[in-house]
Amino acid sequence: MDTLATIWDAFIHVVDPWRFMSISFRHIPATIRGLIHEKDYGALLSFARFEEALFGTFWATIGPNVKLNAEQRVIPLLEGRIKDGVVHDEVVSTPVYGTVLEVGAGSGMYADVFARFREGADSAHDNESLRHRKTTGGHITKMYGVEPNPISAKALGQRVKDLGMDDIYHVVPVGIESVDDPSAWNGKIEPGSVDCIVSILCLCSIPEPEKNIKLLYNLLKPGGRWYAYEHVKVWRGGPLLSLYQRFVNLVWPHFLGGCELCRDTEKSLRAAGIFKEIDFVQPVAQPPYQVLPHKIGILTK
Ligand SMILES: C[S@@+](CC[C@H](N)C(=O)[O-])C[C@H]1O[C@@H](n2cnc3c(N)ncnc32)[C@H](O)[C@@H]1O
């Protein structure tokens with residue numbers, strides 16, 4: 001890239017969070033209409049509940065656009081085609097398999113990818129994904145989609161149904177902090193019972209990340225894998241960018257469902273317990289001036 005193009009690209013990255021927030025802001029009228037339609041007047045009077053409803057409404061329209069960008073990395077991650085932040089054509093690690101828990105599943109943006117990996121899906125899907133799957137197995141037998149936002153959880157349930165996955169996919173309509181509380185939802189996930197955890201752009205949104213990431217870690221079987229794609233705090237790009245990220249974060253969580261920009265998610269993951277292998281790095285193509293830098297990869301317990 002020449003200098004002018006780099007400056008323009010950096011400018012786009014710097015203003016992008018504000019563009020995002022303005023789109024969320026423009027969803028306020030639709031959120032109010034939706035709550036009135038649902039007769040959920042309590043949410044109109046509670047700041048926290050209104051923010052939650054705003055995010056659900058906003059994500060229903062913006063989620064597919066975010067996916068367009070993220071899926072270039074997330075699909076290879078789930079197919080076991082990413083290592084050291086580099087996407088490969090062939091399987092270089094392990095595709096998702098067995099009992100899978102997706103935390104912050106949203107409206108089920110990647111449910112179609114999981115459907116391709118479900119046990120017995122062999123005849124129905126394209127040769128390309130099958131070729132990857134057959135290489136290392138990767139049969140999903142059971143799924144939990146943990147999603148506390150009522151608007152997103154409803155959309156997730158519908159998506160799973162539309163994909164014919166509702167026989168193996170359980171929507172868990174509570175926050176991750178309540179998955180081990182039998183009084184909070186109609187089920188229980190035993191510690192050490194999950195083969196794979198998938199977290200896509202959601203560890204920024206969960207409360208008490210250290211505590212709840214540890215809770216998730218305990219649900220994983222020994223040898224289980226954590227597939228993560230997360231935006232994290234600025235750690236390269238200099239102190240000015242760090243300061244700017246903290247400044248944006250003063251308003252960002254209110255428009256983005258409580259999402260925090262400045263989390264050191266890698267540190268929280270490492271603190272959760274022992275992983276025998278950690279491959280969690282910045283995707284190679286990302287420039288240093290990202291206000292929302294990402295890390296991607298698989299952590300093996
Ligand atoms: C940015 S969205 C990403 C959704 C989805 N992973 C995707 O990529 O489309 C973050 C998600 O985390 C969810 N979330 C917020 N608090 C949570 C909690 N306590 N436990 C689990 N998920 C939570 C939000 O409701 C939201 O769906």
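This report walks through the ligand site, the sheet and a few backbone details of the structure above.

We're looking at a predicted model, where local features need pLDDT of at least 70, side-chain atom pairs count only at pLDDT 80 or more, and totals for chains, interfaces and linings use all residues. Numbering starts from 1 along each chain as its sequence is written, and side-chain values use heavy atoms, with hydrogens and water left out.

**The ligand site**

There are 19 residues around the ligand, and Gly 104, Glu 147, Ile 176, Glu 177 and Ile 200 come nearest. A residue makes this list if one of its heavy atoms lies within 4 Å of the molecule. By class, the shell splits into twelve nonpolar, five polar and two charged residues. Here Ala, Val, Leu, Ile, Met, Phe, Trp, Tyr, Cys and Pro count as nonpolar, Asp, Glu, Lys and Arg as charged, and the others, Gly among them, as polar.

| Residue | Protein atom | Ligand atom | Distance |
|---|---|---|---|
| Gly 104 | backbone N or O | nitrogen | 2.8 Å |
| Ile 176 | backbone N or O | nitrogen | 2.9 Å |
| Glu 177 | polar side-chain atom | nitrogen | 2.9 Å |

On its own the ligand has 590 Å² of accessible area, and the protein covers 92% of that. Areas like this come from the Shrake-Rupley method with a 1.4 Å probe; for residues, only the protein chains shown count as cover.

Seven strands make up an open sheet with mixed pairing, in the order 5-4-3-6-7-9-8. Strands (E, at least two residues) and helices (H or I, at least four) are DSSP runs numbered from the N terminus, and two strands pair if DSSP finds at least two bridges between them. Strand 5 (169–172) and strand 8 each have a single partner strand, so one side of each is left without a neighbour in the sheet. From one strand to the next, the twist averages 15°, with axes taken as lines fitted to C-alpha atoms (for helices, over the stretch in contact) and angles running from 0 to 180 degrees between N-to-C directions.

Strand 9 (residues 294–300) is mostly covered, with seven of its seven residues buried. Buried means under 20% relative accessible area, exposed over 50%, and partly exposed in between (1.4 Å probe, protein chains only). In a regular strand, side chains alternate between the two faces of the sheet. In strand 9, His 294, Ile 296, Ile 298 and Thr 300 are buried on one side, and Lys 295, Gly 297 and Leu 299 on the other.

Strand 7 (residues 220–231) pairs with strand 9 in the antiparallel sense over seven bridges. Tyr 227 stands opposite Ile 298, and Ala 228 has Gly 297 as its bridge partner. Strand 8 (residues 277–281) also runs antiparallel to strand 9, joined by five bridges, and there Ile 278 partners Leu 299.

Back to Tyr 227 in strand 7: this residue is buried, with a relative accessible area of 0%. Its C-alpha atom is separated by 9.4 Å from that of Pro 95, 132 residues apart along the chain.

**A loop with positive phi**

Leu 201 sits in the loop between strand 6 (194–200) and helix 8 (209–219). Leu 201 has a positive phi of about 50° although it is not a glycine, and is partly exposed at 21% relative accessible area. Glu 208 lies in the loop between strand 6 and helix 8, with a positive phi of about 40°, and is not a glycine either.

How values were computed. Polar contact = N/O pair within 3.5 Å; in protein donor to acceptor, adjacent residues only side chain to side chain.
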